[in-house]
Amino acid sequence: MSSLPCADRMGRAITYLRVSVTDRCNLRCVYCMPAEGLPLQEHADILRYEEIARLVSIAAELGIRRVRLTGGEPLARRGLTDLVRMLAGIPGVQDLSMTTNGSLLARYAAPLAEAGLTRVNISLDTLRPDRFRQITRCGELAETLAGIEAARRAGLEPVKVNMVVMRGLNDDEVVEMARRSLEQGWNVRFIEVMPLGEGAHWSGDGYVPIDEVRQAIEQALGSLEPAELAGNGPARYYRWAHAPDAGTIGFISPISDHFCAYCNRLRLTADGKLLPCLFGKQELDLRAALRQGADDAALRDLFREAIAAKPRGHDAPDHVAPGERLMSRTGG
Ligand code: SAM
Ligand code: SF4
């Protein structure tokens, strides 16, 4: 058995697995979920921590090196620190990170770091408390800001802050957000809104191309030059030409510039479906295989099948119907 990364039909080395640990969330972001929330999956249908750990160790045997926990809100699932400890101990997993809305992070950052979490990405779309409540429908800005500080204190670095940009809702704050990288060392990433789930409502008039965001930032704050940052995935990173030691700026443009050519990832949903592509319809049912007693070789074959099924590129993300692929289920 080889522990070298598996490559797909296009020669892309598949080294990154995103694991959604729950479809539940304590917020209701306007681009992700309806105000009333979504029908929740039964607890029995969600993978147990032992099941996730078994799948991750099989993925690691096939060359997965980086694992990211996501959701729903991963910290909304009880005992997440236990899962982190289990995954951090799996040979081959070199980088174990998490994407979170940060609202519960002030409480958990230190124990998560102690359990082996390497770093976090924190979603934050605005710096204004009233607007934060409007976008998340039930969140408190102060809690997420406290989460960012706690993550930095716990050494979960580099902390990355993700802002989904929407016209008429928060696009007037991109410069203010970028300034945090200059003044407070944040690594801020700007993301184009995707037409998935509730994001479909924002993909028309609300969509802001990332080039426009970059232009506004450079005009106001100075020019950017390419940089490297740990965890390089679909984001393009930049540092300030006049302040190279400040935080970085990242741009993620799933719509205006598909990053399929260097897509290195698979996604595991909370109910155990393995997705070759966020925008594709194909999924492999790992939970059914696990619970029917599949041995490791059979599970490895399912991972290989998913890798082989990765498409060359996603065709038309603007055609994904609302509700067809929910971000809270796929983990973004
Ligand atoms: N609850 C966690 C959080 O918000 O960070 C993790 C799950 S969330 C689904 C993962 C990421 O997807 C977040 O950064 C969120 O902003 C992003 N996201 C959700 N819906 C989106 C959409 N329609 N377009 C672009 N990004 C989206
Ligand atoms: Fe929850 Fe994250 Fe979706 Fe917001 S983006 S509703 S925090 S899962």
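The protein averages a pLDDT of 90, and 91% of the residues score at least 70.

Conventions, for my own record. This is a predicted model, where local features need pLDDT of at least 70, side-chain atom pairs count only at pLDDT 80 or more, and totals for chains, interfaces and linings use all residues. Residues are numbered from 1 along each chain as its sequence is written, chains are lettered from A and ligands numbered from 1 in the order in which they are written, and side-chain values use heavy atoms, with hydrogens and water left out.

Next, salt bridges (a side-chain nitrogen of Lys or Arg within 4 Å of a carboxyl oxygen of Asp or Glu). I found 21 in the structure.

I looked up Arg66 and Asp95, which form a salt bridge at 3.7 Å, N to O. Arg66 lies in strand 4 and Asp95 in strand 5, 29 residues apart; strands are DSSP runs of E, at least two residues, and helices runs of H or I, at least four, both numbered from the N terminus. Arg66 is buried at 15% relative accessible area. Asp95 is buried at 11%. Buried means under 20%, exposed over 50%, partly exposed in between (1.4 Å probe, protein chains only).

Then I checked Glu173 and Arg128, a salt bridge at 3.9 Å. Both sit in loops, 45 residues apart. Salt bridges with shared partners join Arg128, Arg131, Asp172, Glu173 and Glu176 into one network.

Terms used
pLDDT = per-residue confidence, 0-100.
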